[in-house]
Each structure stands twice: as structure tokens, then as C-alpha cells.
Amino acid sequence: MTDLLSGIRVLDLTNVLAGPYCAYQLALLGADVIKVEAPRGGDLARQLGASPALNQAGMGASFLAQNAGKRSVVLDLKKDADRERFLDLVASADALVENFRPGVMDRLGLGYERLKEVRPGLVYCAISGFGQTGPMRDNPAYDQIIQGLSGIMSITGTPETAPLRVGYPVADTLGGLVGAFAIAAALVKQKLSGEGAFLDVSMLECTLSALGWPVSNYLTADVEPQPMGNENMTAAPSGAFRTGDGLLNIAANKQEQFVTLCQLIGLPELASDPRFAERETRKQNRAALKGLIEEALAGASAAEWEEKLNRAGVPAGRVLTIPQVLGEAQVTERDMTTRFDGLPGMDKPLTVVRGGFMVDGAAPLPTRAPPVLGEHMDEIFADLPPRAKTRARA
């Protein structure tokens, strides 16, 4: 891990994906992230993943993906004694993140206004499907629900197959990233002025914000986005192309890139063909252009074309599987993963993925394995000063 958030304590009351992913980013930045879990099973993600044995052991693959670097305590926030212990934790914290439905923490007597009394200056981040206000605020929200409501599914796939769900929980992940970004920004204000903040993160709004280009095309140009499969609505040839062996993404979005591509595939005349000579005419005739390019690409593999095109300045990349990309030198040489040995319930080392950034040339890797439920109760509460003697920290 890095030390950018060294000395910052974050309480992670979250479950499953958006919230845990948010807190994981803060842990990778060096924050002391304490995961506060319910006594009966803890984070639901402990029971989720492709390995039934790990799910049974409470260390599901979904949990392992985004909880390394954290410590775990168990508290039943419906019990008076545990609520008091929780308030002791809050008094020691700089930030808190939760992803309950709006109103849950208030009903427990642990809402933002109450916690501010214990820890003035607290940065409180609430991640939910729709935000703390509005007619949908109380609706349950899972990633696929947000994908459908946000418009993502309407533009994913081809005209024949859409609407389709994106193949991973993109809305949850966006919510987590936005939450981490907002918390980091609020912590700067906290350290400068002593003031905290209430951060209301809506997964629906995070996803809409990330749909900037298609939303803008509708709002500005009155063009309703449509599913285009692997094609790029802004340019042609720009998409996925069949080769002699494998699929290749090519993004010849600039005129000079298109001219170079035509030369490299042995069809220089395409650059002066009236159907393809300009960006707009290429878009209008993209199907015919794609057919001609794929005929030329059939003479070599995707890997060969990738190397040749990139060397000449034409952006290109193979379409890889997850196992293939994890084995790529670009990924392995930059320490995208780290391993932990001896994890309970696992008969092999655990490998986890870090965040998508480096700090001063170093990869911020977690230094501790994902915690067993309640693993750190003794060490955390032994080091905790009594709340009555805890002075509010700026």
C-alpha cells in the first residue's frame, strides 16, 4: 500500500460491492479501514463466488476481491452495548462509508447527525441505488437494476440482441469509485478546516454521469443513442475485426490513421474511394468498409496485426479473455496483482488485484489478506481510548 492516506481511519459498514470497493480504494491509499460486520455471516459477499467451499467458509471469491488490507470487527448495531462500542469506534474515525437503504442508520440511532455529536468533522459517505431523496430512494437496487434504469443496457449489444447487461457489475463499481473520490476530497477539507461532510452517492447518478457521450448526443444533438455492437458511432473503421486468427480491435479514428491502415493492409486505394475518403462517408458505409478490411486481415493473426499496426501508429489490440490479459507482460510487469499464502479455506495462494493507479512509480498493493469475520476485534478495541476521553480531531 501507499502512505497517501496514512493516519486516516475509515469505518466500512458496507456489503457486497459498491461500498466495499470504495473502501478498498481507500485502503490501497494507506487508510486504516475497519470493516464493521454483523455477527451472523458478516458481509453477504463472504457467501458469494464461484467456489462453494470458500462460500461455506465465509471467504467467498466476491469478498476476497475487494477486502484485502482491511481489518474486521463484529458488532450487532441493533443491541445497545454494541452501538456504544460502535460510537467509540466512530470517535476514533475520520470517515465512514455505508451502503444501507436510506434511513436505516437513522432508525438505528446512528445517523449522520448523531455521529457528528461523537465525532465533529466526520466525513460520512452514504452509497445507495438512487440517493437519499427522490421518489425511488426506498427502492432496492442491485447492479443490474441500475444498468437497466440508467440506459446502459439499451445501448449494449447489437440492434438484434440489445438490451444487454454489461458483463460485470459496472454500476456498482462506478458507485464505489465515485464514493472513494468524494471521500478523499472531503478529507482534504476536513484537514484544512476541521469540517466534515455528508456525501450522498447515487449509483444511478454515477452511471448517468459516466454515460457522458451518449447522454450528450441526445441532449445536445437530439440523437437518441442506439446499440451498435462493437462499432464506434463517432468513427469508422473503429471496432472489432476478424483476422486470420482471433478478433482485433482497431480504432483508426483519425484521417491519417485510416490512410496508414489502408497502406498496411495492402489496400491504399480505399483512402481515395469516395465511399471512404472522409469521416462521415466512412460512417455511412461502415459495413462495406469493414468487409473489405476483414478480407485483408485474414492473411495474418490478430497478434501479428496488433504489433504491425501499433508500430505504425494505428491503435489496435487483440480481444482477450480474463486469463489471457492476466498473463500479459504489461499487467505482470506493473505488479497488478499480489499473493497471500495460508488463507483459511484455500489450498493455494490467494491472488488479488490492486487499484488502477501507481504512486511515485510503485504499485499500491495491500499488505494484509482479506480478514476472517471479526478477526481483529481484540487488537482494535484494546487500542481504542474510552470515548469520554477522546478529543475530537480535526
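**Salt bridges and cysteines in a predicted model**

1. Asp12 and Lys70 form a salt bridge in which the closest N and O atoms are 2.9 Å apart, in what is a predicted model. Because Asp12 lies in strand E1 (residues 9-12) and Lys70 in the loop between helix H3 (61-64) and strand E3 (71-74), the pair ties together parts that are 58 residues apart in sequence. Both Asp12 and Lys70 are buried.

2. Asp32 forms a salt bridge with Arg71, and here the closest N and O atoms are 2.9 Å apart. Since Asp32 belongs to strand E2 (residues 32-37) and Arg71 to strand E3, this pair ties together parts that are 39 residues apart in sequence. Asp32 is partly exposed, with a relative accessible area of 24%, whereas Arg71, at 10% relative accessibility, counts as buried.

3. Within helix H6 (residues 112-118), Glu113 and Lys116 lie 3 residues apart, about one turn of the helix, and their side chains meet in a salt bridge of 3.6 Å, N to O. Glu113 is exposed, with a relative accessible area of 52%, while Lys116 is partly exposed, with a relative accessible area of 31%.

4. For disulfides, the count comes to 0. The sulfur of Cys22 is 5.1 Å from the closest cysteine sulfur, in Cys125, which is too far for a bond, given that a disulfide needs sulfur atoms within 2.5 Å. Cys206 is likewise in no disulfide, the nearest cysteine sulfur, that of Cys125, being 9.0 Å away. Cys22 counts as buried at 0% relative accessibility, and Cys206 is buried with a relative accessible area of 8%.

Conventions. Residues numbered from 1 in each chain as written. Predicted model: local features only at pLDDT ≥ 70, side-chain atom pairs only at ≥ 80, totals over all residues. Heavy atoms only, no water. Buried < 20%, exposed > 50% of the residue type's maximum accessible area, 1.4 Å probe, protein only. Salt bridge = Lys/Arg side-chain N within 4 Å of Asp/Glu carboxyl O. Helix = DSSP H or I, 4+ residues; strand = E, 2+ residues; numbered from the N terminus.
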